[in-house]
Amino acid sequence: MKNALRLFVLVLAIALCHTAAEAASYEPSLEQWRAFSQTSDARLLAAWLHRSLESCLTDGKGITPPKMTLPPFDGRLGLFITLMKKNKVRGCFGAFNHPNARIEELLTDYLKGALRRDHRYLPVDEGDLPDITIILTIAGRRVPVRDIADVDIVHYGILATFEGDAHDVIVPAEIRSLDALKSRWRGRQIHQIEVFGAITIK
């Protein structure tokens, strides 16, 4: 009887983890961004980010956003910019909570943050430009999970909170395996793990 009860609790815990993760994906506003990611306007947005990066590294004048129709953004979705060079991260910056809801302004600031304010990586310079891929991640609400092994890190982002309230935000583009993730957190006491639905535009 005890073994049957333990099995039931285990199955229920696993089901709850998967249900929580699935719930993190299906938000109406996030779904609109999912549809947008397949449009020509998404390609315009990606091209503007690349031109903005080039401008930041050369003349610093900034690039006016093109005419495009973006899905609704009321400041409640997370935004993260990741710079990749040959499948390696060279910078990542963004937030779940923003000072305003002006998305073009936020993206410009977060692009500069990925370029200059992520001290985990060597700064990108003008010579890196031909090999840099810019990845925009639109993040949904966060949902707690019990075990990182239950998370599909290809489709979900992760927020880990450690003792002392330190935290680590990881978008799907950053980590490609659970082993790499565990190595990144080795020696740190994890207080909570949350996942969030993530739409990628690059």
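This is a predicted model: local features need pLDDT of at least 70, side-chain atom pairs count only at pLDDT 80 or more; totals for chains, interfaces and linings use all residues.
Residues are numbered from 1 along each chain as its sequence is written, and side-chain values use heavy atoms, without hydrogens and water.

Reader: Are helices α3 and α4 parallel or oblique to each other?

Author: The axes of α3 (residues 40-57) and α4 (residues 103-116) come within 10 Å and cross at roughly 50°. Angles under 35 degrees count as roughly parallel, over 145 as roughly antiparallel, 65 to 115 as roughly perpendicular and the rest as oblique. The two helices are therefore oblique.

Reader: Is D118 buried or exposed?

Author: Buried means under 20% relative accessible area, exposed over 50%, and partly exposed in between (1.4 Å probe, protein chains only). D118 has 9% relative accessibility, so D118 counts as buried.

Reader: Which residue forms a salt bridge with D118?

Author: A salt bridge is a side-chain nitrogen of Lys or Arg within 4 Å of a carboxyl oxygen of Asp or Glu. The closest N and O atoms of the pair are 2.8 Å apart, and the partner of D118 is R120.

Reader: How many residues apart are E174 and R120?

Author: The side chains of E174 and R120 meet in a salt bridge at 3.9 Å, N to O. This pair links distant parts of the chain, with E174 in the loop between β5 (167-170) and α5 (178-184) and R120 in the loop between α4 and β3 (132-145); the separation is 54 residues.

Methods. Axes are lines fitted to C-alpha atoms, for helices over the stretch in contact, and angles run from 0 to 180 degrees between N-to-C directions. Helices (H or I, at least four residues) and strands (E, at least two) are DSSP runs, numbered from the N terminus.
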